[in-house]
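Visitor: Please show me the structure. I have a few questions about how its parts are held together.

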Amino acid sequence: MFQRIKSDIKSVFERDPAARNTFDVLTTYPGLHAILFYRLTHWLWNKGLKWLARFISGLARWFTGIEIHPAAKIGNRFFIDHGMGVVIGETAEIGDDCTLYHGVTLGGVSTKEGKRHPTLGNRVVVGAGAKVLGPLLIGDDVRIGSNAVVLKSVENDRTVVGVPGRVIEPDESSLSSRHKEMADKIGFDAYGVTASMKDPVEKAIYSLLDHIQGQDEQLAKLNVAIQKLGCKDTSVNLSSLEDVVLEPSDPEQMAHIKASNKTE
């Protein structure tokens with residue numbers, strides 16, 4: 001147990017550049033305090049002293065603002081940054097080198113006994129305010145964005161954002177590569193997401209928009225062919241698609257309506 005505590009303290013320095021020295025970390029980091037309380041209460045729980053474990057766990061919650069059930073299973077080098085409002089349920093399991101930010105809930109969606117809470121693999125980062133609910137399996141190296149609500153299991157090395165949580169495609173750009181190199185260097189991605197990551201809902205909307213514009217082009221060509229056969233012009237004035245663009249100042253988003261302007 002003491003070796004785990006030493007690794008927990010070391011992980012603070014590895015993942016928080018604000019950590020200055022061991023005394024500072026031991027006296028001012030509520031996330032570390034909560035983990036130290038948990039290591040004690042988990043040991044008591046396994047020894048059959050369950051009431052005492054729950055009582056001390058309640059004191060820890062009052063002292064740190066973080067609730068970790070003594071029966072939860074947490075691996076080595078666990079780090080809770082900021083910490084206020086974190087809840088980890090009874091049957092939750094957390095692998096090694098995981099990071100949770102404030103407001104995270106690893107909760108259950110059932111009142112029945114048995115496995116009710118999620119299992120996190122190794123090196124998982126859960127951003128501020130995110131909720132992972134139910135007996136899900138979150139794979140290794142998964143990043144869960146801030147305020148996401150995850151209701152389904154997630155495969156290894158994926159990033160999840162939104163409500164409900166959706167897996168976003170990896171960004172292969174050079175900027176994303178630099179982010180990954182930095183994450184590999186320091187051991188985690190702070191808050192689980194970066195500004196360069198694509199919103200899956202936005203991606204779906206613009207995929208539909210591109211498809212609609214392709215259909216418009218085909219219909220325009222078909223109308224020209226019909227007129228050449230001597231039939232009446234059947235074209236109609238269509239409304240502009242510019243209102244669909246979420247951020248008109250973004251050239252990448254405006255590019256989606258170029259085809260529409262050509263066919264109008």
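Predicted model: local features only at pLDDT ≥ 70, side-chain atom pairs only at ≥ 80, totals over all residues.

Visitor: Which residue in β8 is the bridge partner of I94?
Guide: Strand β5 covers residues 93-94 and strand β8 covers residues 119-120. The two strands run parallel and are joined by 2 bridges. In β8, the partner of I94 is L120.

Visitor: How many residues apart are R15 and D97?
Guide: The side chains of R15 and D97 form a salt bridge, at 3.7 Å from N to O. R15 belongs to helix α1 (residues 2-15), while D97 sits in the loop between β5 and β6 (99-101). The pair therefore links distant parts of the chain, with a separation of 82 residues.

Visitor: Is R77 buried or partly exposed?
Guide: R77 also meets D97 in a salt bridge, at 2.5 Å from N to O. Buried means under 20% relative accessible area, and exposed means over 50%. R77 has 27% relative accessibility, so R77 counts as partly exposed.

Visitor: Which parts of the chain does the salt bridge between R123 and D141 tie together?
Guide: The side chains of R123 and D141 meet at 2.7 Å, N to O. R123 and D141 are 18 residues apart in sequence. R123 lies in the loop between β8 and β9 (125-126), and D141 in the loop between β11 and β12 (143-144), so the pair ties together these two loops.

Key. Residues numbered from 1 in each chain as written. Heavy atoms only, no water. Pairing = 2+ DSSP bridges. Helix = DSSP H or I, 4+ residues; strand = E, 2+ residues; numbered from the N terminus. Salt bridge = Lys/Arg side-chain N within 4 Å of Asp/Glu carboxyl O. Buried < 20%, exposed > 50% of the residue type's maximum accessible area, 1.4 Å probe, protein only.
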